[in-house]
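Keep the sequence and the structure at hand while reading.

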Amino acid sequence: MEKKENYVIMDEVTIPYELAYGRTWTQFFDGFREEKILGSKCPKCGRVLVPMRSFCPRCFEEISQAVEVSQEGIIISWALTEYEYFGMPTKPPFIGALIKLDGSDTNFLHLIGGIDLSNPEQVRKTVKNGMRVKAVWNPEKKGHIMDIKYFEPVK
Amino acid sequence: MAKRVGIVDVAMTPGEETKDNFLDQVFKVTKEVLDKAGISREDVGTVISASSDVFHSGQSCANAYYWDAGAAMLKNGSRQDGESLFAFIYAVMRILSGSYDTALVLGVCKGSENPENDMITHFYTDPFYQRPIGINETIAAALQKRQYMERYGITDEQCAKVVVKNLGNGLRNPYAHVKKRLSVDDVLSSEYVMSPLHKLECAPKSEGFIAMLLASEDKAKKLTDKPVWLKGYGSSLDSFYLGDRDLLKGELKNAAKQAYAQAGIENPAKTIDMAEICEPYAFQELLWCEDLGFCKQGGGGKLIDKGVTEMDGELPVNPSGGVLATNPYVSRGLYRLAECFLQIRGQAGERQLDKKVKTALAHGTHGFAGQCHAVAIIGV
């Protein structure tokens, strides 16, 4: 009754932004063009942070040293997305995962692929924490996080 | 605390969708709390609001839009974006500054109008690294749940019990949005959204407009016979990047430690009579109970198995139904505090606990997988 009497409008907002990568992230994504994954090594705690950072949030020191880390690592945790919502950039089904790359002290967030995702039950049986995975690159490089297509299980 | 700050009264809306507009609802709760306290708009010292307007409401320029409706016009006001329990302490500090006798805290969110929360929280990521991957709050929680289950042997059944408890509690709460009598099987047979999370393990999106009036000790005693006092507060924030954190060693422990120290609490499991915990995902109630010291690390599963956190348990958690029943995003911490306040006052209606509630704990969190936490202890 009251619900029918009150009008609603449908609204959609599209706003373009120009966002600066900055020096460090430009260097990180330049590495992608050469199929390299770079981390930043903190001069104080010695941790290697991936992706690269211009500072260590813990020690609060500037970081200038870039080091290449391995393209292989283990899955720390993973989640299978099975439904789609408005504006989603990656179409389901997809697997988001935290991956500890060899030589890095942080976990790298990316996708797990190279396996059949059409049967969720099968995926839940196949993919495991601790599984070794390696980066698969897109042939065309844009200096973008999706230059890495996904990480696939190491056979 | 040297000087005391009291909660005088509270007014809030139920969580379900209404066709009342945003401003009318801000006005409604603001007017109601002022009427309850018997003061006029002119008597309000300062107003602090919590909202996440750009993404959640898609209306106008944040607080500038609703200052008229929130009694802040022609006076002092400010806003906190993120989680309303952080706005609460901001208001407390303004009173403690000695400049104001009263402060009104607002939490405003009309979740029925925004698209899926997953779409909104997708924009809480950064645009360079995490956003193109398609990450959002639910995926982050799913990553956290899988680690929690593996590291401590927490089961899906134990997580589902949280849903059964909280949606069941919601049945007695007129402010609750989703209320249902469910079984563990019902929860586990609901479809996966982001596995290992089932749909029913994730909070809905709800409306939630809330106004809480705070006052200095002297003023609170004048405004009400039953003031409830802030005893302790703590907050702590972790790194933005999920990969920089151990998702099972968050900052809630640190926030709780500060709050307990201020409140003089040595054994929280014993001293705290009830708690309202912010659990947008069912397993988080168990994990947060551990971090709050209600049980040992990894003991969250046993805690729910033993019934400790049920309405009639030793330490009831979320008698309101929690965030799983009502999820008005930024307002949810203040809703937790409101339930603690009503339970202490004996004004929780049908869901009033069958025990004397003297000390209660309210928890708020925002950011992925519990990046930021706040804990408030209130009591008489």
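Start at A:Ile74, whose bridge partner in S9(A) is A:Arg132. This is a predicted model.

From S9(A) the pairing continues to strand S10, which covers residues 148-153 of chain A. Five bridges connect S9(A) with S10(A), and these strands again run antiparallel. One position to look up here is A:Ala135, which stands opposite A:Phe151 in S10(A).

Now return to S6(A) and follow its pairing into the other chain. Strand S5 of chain B, residues 192-195, is joined to S6(A) by two bridges, in an antiparallel arrangement. Within S5(B), the residue opposite A:Thr81 is B:Met194.

What does the contact between the chains involve as a whole? On the chain A side 38 residues take part, in contact with 29 residues of chain B. The elements of chain A that each give two or more residues to this side are helix H1 (2-5), strand S6 (72-81), strand S7 (94-101), strand S8 (108-112) and helix H3 (120-126). Of these, S6(A) supplies the largest share, five residues. Sorted by class, the side of chain A that touches chain B holds 22 nonpolar, 11 polar and five charged residues.

Technical notes: Residues numbered from 1 in each chain as written. Chains lettered and ligands numbered in written order. Predicted model: local features only at pLDDT ≥ 70, side-chain atom pairs only at ≥ 80, totals over all residues. Contact = placed C-beta atoms within 7 Å. Helix = DSSP H or I, 4+ residues; strand = E, 2+ residues; numbered from the N terminus. Nonpolar A, V, L, I, M, F, W, Y, C, P; charged D, E, K, R; others polar. Pairing = 2+ DSSP bridges.
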